[in-house]
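Let's take a friendly walk through the inside of a protein model. Keep the picture at hand as you read, and look for each part as it comes up.

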Amino acid sequence: MSVIAFSIYSIVVIHQAKQYTKEVVLPDIQSGMWRIYSTQERGLKIKYEEISKLRREWLISIQDPNFSAHNGFDLNTPGAGLTTITQSIVKKLYFKSFKPGFSKYRQTLIAIFVVDKELSKREQFEVFINSSYMGIFQGKEIYGFFEAAKVYFNKNISEISDDEYLSLIAMLIGPNLYDISSERIKNTERVFKIKSVLSGKYIPKNLMDVYYNRTDYLGR
């Protein structure tokens, strides 16, 4: 693809995403809902203020440490990984199917030039905590912390303990690998590592240090 064709393609992607945001995404959020992969309608069951400031900070520190400052894209912050919170919600809201490769470029364009400009960080966080894939329970795909708290702990999100909340955060990086019900030991180990990061005992060394597997720190 030539530079000119690539530029035109990028402009078209951004334009279409802006239209979709105006016509679907923003009206949905204002009415308390979101659409998984642009089709299935689901409610925004958790409001931003229902998650305490401390718990919001925990999730952001692990999932997207520079969330409050970046423009939807971040390849500089240690421990951030390749996908920001903004990019994560783009994948859910703007794609009917997402395949590795060119979809990542579209995802990044939409994150920077559309979602981070049209949705506040507050709205982005609210969509993220409601739309994150949280594994499969009894054959059903689970999305969002509200449903996850119900199926894994039989509690409302406001009733779960700090450790239970952290165990949900632990699932975000690999919902099946760290499944609370079927991979309890791995989930517990991940929670231990998360606590080490939150306490400052473990400091991620580079962008891809997301599994916190180094042993040269005080927590081991």
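## A covered helix

Start with helix α7, whose buried residues are Glu164, Tyr165, Leu166, Ser167, Leu168, Ile169, Ala170, Met171 and Leu172. Keep in mind that you are looking at a predicted model. In that model α7 is mostly covered, with nine of its 11 residues buried.

What covers the buried residues of α7? Among the covering elements are the helices α2, α5 (121–131), α6 and α8 (184–199), along with the strand β3 (133–137).

## The nonpolar core

In soluble globular proteins, nonpolar side chains tend to be buried together. Here, the largest nonpolar core has 56 residues. Which of them touch the most other members? They are Leu59, Tyr94, Phe145, Tyr165, Leu168 and Ile169. Helix α7, which spans residues 162–172, supplies the largest share of this core, with seven residues.

Leaving out residues up to four places away in sequence, Tyr94 touches Ala17, Tyr20, Thr21, Val25, Ser38, Ile110, Val114 and Val115.

## The largest pocket

Now turn to the open spaces. The largest pocket holds about 730 Å³ of space. It is lined by 31 residues, and those closest to its centre are Gln63, Thr83, Ser88, Leu172 and Ile173. You have met Leu172 already, as one of the buried residues of α7.

Two or more lining residues come from each of α2, α3, α4 (102–118), α5 and α7. Of the elements, α3 gives the most to this lining, with four residues. Sorted by class, the pocket lining has 17 nonpolar, 10 polar and four charged residues.

The largest cavity has a volume of about 60 Å³, and its lining is made of Trp34, Arg42, Gly43, Lys45, Asn130, Tyr143, Gly144, Phe146 and Glu147. Both β2 (40–43) and α6 (144–153) give two or more residues to this lining, and α6 gives the most, with three. By class, there are three nonpolar, three polar and three charged residues around the largest cavity.

The second largest cavity contains about 30 Å³ of space. Around it you will find Tyr20, Val24, Val25, Asp28, Arg35 and Leu93. Helix α1 (residues 3–30) gives the most to this lining, with four residues. The classes here are four nonpolar, no polar and two charged residues.

## A buried threonine in a loop

Our last stop is Thr77, in the loop between α2 (53–63) and α3 (85–94). Is Thr77 buried or exposed? Thr77 counts as buried because its relative accessible area is 16%, and the cut-off for buried is under 20%.

What does Thr77 have around it? Setting aside neighbours within four places in sequence, Thr77 is in contact with Pro65, Asn66 and Leu207. Thr77 also has a polar contact of 2.6 Å, which joins its side chain to that of Asp74.

Technical notes:
Residues are numbered from 1 along each chain as its sequence is written. This is a predicted model: local features need pLDDT of at least 70, side-chain atom pairs count only at pLDDT 80 or more; totals for chains, interfaces and linings use all residues. Side-chain values use heavy atoms; hydrogens and water are left out. Buried means under 20% relative accessible area, exposed over 50%, partly exposed in between (1.4 Å probe, protein chains only). A polar contact is a pair of N or O atoms within 3.5 Å; within protein, one must be able to donate a hydrogen and the other to accept it, and residues adjacent in sequence count only if both atoms are side-chain atoms. Contact means heavy atoms within 4.5 Å. On a 1 Å grid over the protein atoms alone, a cavity is a set of points where a 1.4 Å probe fits but cannot get out, and a pocket is an open set with protein on both sides within 12 Å along at least five of seven lines; lining residues have an atom within 4 Å of a point. Grid points are joined across faces, edges and corners, and a volume is the space filled by probe spheres set on the points. Ala, Val, Leu, Ile, Met, Phe, Trp, Tyr, Cys and Pro count as nonpolar, Asp, Glu, Lys and Arg as charged, and the others, Gly among them, as polar. A nonpolar core is a set of buried Ala, Val, Leu, Ile, Met, Phe, Trp, Tyr and Cys residues joined through side-chain atoms within 4.5 Å.
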